[in-house]
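Hi,

Here is the structure I promised to pass on. Have a look at it first, and then read on for what turned up.

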Amino acid sequence: QVQLAESGGRLVQAGGSLKLSCATSGIPFSIYTMGWFRQAPGKEREFVAELSKSGTTTFYAGSVKGRFTISRDSAKNMVYLEMNNLKPDDTAVYHCAADYRSVRTSCCDHWGQGTQVTVSS
């Protein structure tokens, strides 16, 4: 059974850092791209980051490039999103996602429930 479960979201001040975790089961990283999306109130869902099946290639939205880092721990079946220099515009529910092809272009086969990140100014 496929499961994605995010954690780590909380209230943080602007300029601060946060690391989100996504615990997975039934998701072989070798055949799924992994990624993170976010959705703010009243806004459409937005792509944030993608990690390739090999774990060696990453893609980021322009708004987070240089501040966010996606990674994984294959031994623990975990995917992470490290977020630095957070801004109020980063406030959103963050979702972990998996897709057999690409979370950027054909999202997504599987989704997590999301974790709330709130950045205060």
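Which residues does Met 83 touch, not counting those up to four places away in sequence? Bear in mind that this is a predicted model. The contacts of Met 83 are Gly 16, Ser 17, Leu 18, Leu 20, Arg 67, Phe 68, Tyr 94 and Val 117.

Met 83 also belongs to the largest nonpolar core, a set of 34 residues. Along with Met 34, Trp 36, Leu 81 and Tyr 94, Met 83 is among those with the most contacts inside this core. Two or more residues come from each of β3, β4 (33–39), β5 (46–51), β7 (68–73), β8 (78–83), β9 (92–99) and β11 (115–120). The top contributor is β9, with five residues.

Now for the sheet. Four strands form an open sheet in the order β1-β3-β8-β7, with antiparallel pairing. At its edges are β1 and β7, each of which pairs on one side only. On average, neighbouring strands here are turned by 15 degrees against each other, direction ignored.

Going strand by strand, β1 (residues 3–7) has Leu 4 and Glu 6 on a covered face, while Gln 3, Ala 5 and Ser 7 lie on the uncovered one. Five bridges link β1 to β3 (residues 18–25) in the antiparallel sense, and Glu 6 has Cys 22 of β3 as its bridge partner. On to the next pair: β3 and β8 run antiparallel and are joined by six bridges. Here Cys 22 stands opposite Val 79 in β8.

Best wishes

Notes:
Residues numbered from 1 in each chain as written. Predicted model: local features only at pLDDT ≥ 70, side-chain atom pairs only at ≥ 80, totals over all residues. Heavy atoms only, no water. Buried < 20%, exposed > 50% of the residue type's maximum accessible area, 1.4 Å probe, protein only. Pairing = 2+ DSSP bridges. Core = buried A, V, L, I, M, F, W, Y, C linked by side-chain atoms within 4.5 Å. Contact = heavy atoms within 4.5 Å. Axes fitted to C-alpha atoms, helices over the stretch in contact; angles between N-to-C directions.
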